[in-house]
Amino acid sequence: MTDVLIIGGGVIGLLLAKELVERSISVTLIERSQVGAEASWAGGGIVSPLYPWNYSTAVTALASWAQHAYPALASELKDATGIDPEFNPCGLLMLDPPGYSDIVDWAQHHSKNFSLMNSAQLLEHEPELKSDCRRGVWWPDIGNIRNPRFLQSLHAYLVQHPLCRIDGNVEARALQRLDGDRAQVVTSIGNLQAGKVVVCAGAWAGDLLVDAGTPLSIQPVKGQMLVFEPSPGLITSIILHQGRYLIPRLDGRIVVGSTLEHTGFEKVVTSEARNELLDVAYSLVPALRSVSVEAHWAGLRPGSPHGIPYIGAMPGWSNLYVNAGHFRNGLVLAPASVRLMVNLLLQEEPIVDPAPYAPETVRPSADMY
């Protein structure tokens with residue numbers, strides 16, 4: 001019997017498997033569809049919450065830890081697999097951000113490196129910007145990771161590891177109790193057991209755990225995005241304005257995102273969203289009108305109250321855990337979220353206070369960022 005059964009093959013599940021096998025713990029990972037093909041693949045890969053001062057200290061604690069971990073993690077995976085996750089330390093430029101008066105106090109309190117910019121400085125930094133922004137904030141230490149390649153490198157790392165088994169297209173359908181408090185997983189290929197079971201199923205985690213005794217408020221929130229064909233040097237930093245962003249990849253592609261849509265588990269792309277995203281891109285960088293769109297896609301984020309993920313043991317079970325509900329920040333928080341999960345599984349000193357993420361902790365409200 002495997003030591004840990006992980007349900008979900010997104011960034012949380014894959015990175016958790018990596019950390020566990022590196023500690024000589026055997027892992028079986030199952031994924032309902034293709035490994036690394038859901039929300040973790042569909043996101044932008046910005047390694048920061050969009051407007052971090054609007055988030056709780058619980059999210060900030062994980063984000064700060066993860067931001068420090070990403071450069072070394074990307075380098076390690078490149079060396080181990082030959083697949084470069086393409087971490088790009090490009091910095092983030094916020095234009096006319098909301099809550100401007102709170103930024104300085106927040107940044108100083110959390111020891112964040114930043115600069116305030118006027119309109120002339122913004123144009124000096126990004127000459128292709130449309131020139132009607134009044135002010136901005138520059139965060140030089142924030143980068144982006146090319147999430148599809150990050151997931152590919154994690155998958156490649158794990159499939160060659162003797163302690164890890166990965167099964168795609170295996171659906172976890174229900175949880176059953178064994179001996180009163182142990183979890184058995186009912187799947188499309190039969191019942192599976194393990195020493196410990198960790199649900200990392202993203203937007204599907206809430207439904208799977210609905211009968212587990214502790215309700216989790218995890219709902220799918222669709223996001224549509226598109227990417228322009230390579231146009232090297234057009235922009236050099238992430239540009240964020242009114243919750244929408246442009247992300248420069250190392251090969252010159254520019255990702256545009258994203259919508260927030262409550263459509264259940266439906267992932268159909270729409271012409272309305274495509275036009276909306278194009279309007280955002282053209283309004284920020286008019287030169288993009290001459291660049292062709294390469295792809296347009298949608299993903300389902302695991303929405304949660306205030307974007308605070310559920311990380312910890314499920315009450316009333318001896319071997320059932322959850323690590324899900326990261327909303328817009330799955331890639332942002334993944335290294336820290338996973339390390340905290342490992343701490344709890346192995347009864348180690350936690351990297352941050354685990355109480356705010358515990359499944360039984362009452363969230364402040366049902367609002368989602």
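Predicted model: local features only at pLDDT ≥ 70, side-chain atom pairs only at ≥ 80, totals over all residues.
Residues are numbered from 1 along each chain as its sequence is written, and side-chain values use heavy atoms, with hydrogens and water left out.

**View 1. The largest nonpolar core and the elements that build it.** This core holds 51 residues, and I6, L16, L20, Y70 and F150 have the most contacts inside it. A nonpolar core here is a set of buried Ala, Val, Leu, Ile, Met, Phe, Trp, Tyr and Cys residues joined through side-chain atoms within 4.5 Å; buried means under 20% relative accessible area, exposed over 50%, and partly exposed in between (1.4 Å probe, protein chains only). At least two residues of the core come from each of β1 (4-7), α1 (11-21), β2 (27-30), α3, α6 (147-159), β6 (164-167) and α9 (330-345). Of these, α9 gives the most, with ten residues. Helices (H or I, at least four residues) and strands (E, at least two) are DSSP runs numbered from the N terminus. Take a look at α1 too: eleven of its eleven residues are buried, including K18 and E19.

**View 2. An aromatic cluster around two tryptophans.** Y51, W53, W106, F114 and W139 form one aromatic cluster. Rings of Phe, Tyr and Trp (its six-membered ring) pair if their centres lie within 6.5 Å; planes under 30 degrees apart count as stacked, over 60 as edge-to-face and the rest as tilted. The count by this rule is eight aromatic pairs. One of them joins W106 and W139 edge-to-face, at 6.1 Å centre to centre and 75° between the planes. This pair links distant parts of the chain, with W106 in helix α4 (residues 100-109) and W139 in strand β5 (residues 135-139), 33 residues apart. Both W106 and W139 are buried.

**View 3. Charges over ring faces.** R135 lies over the face of Y100, 3.8 Å from the ring centre. K18 lies over the face of Y157, at 5.2 Å from the ring centre. A charge sits over a ring if NZ of Lys or CZ of Arg is within 6 Å of the ring centre and within 35 degrees of the ring normal.

View 4. E86, in the loop between α3 and β3 (92-95), has phi near 55°, a positive value in a residue other than glycine. S111, in the loop between α4 and β4 (115-118), also has a positive phi, about 55°, although S111 is not a glycine.
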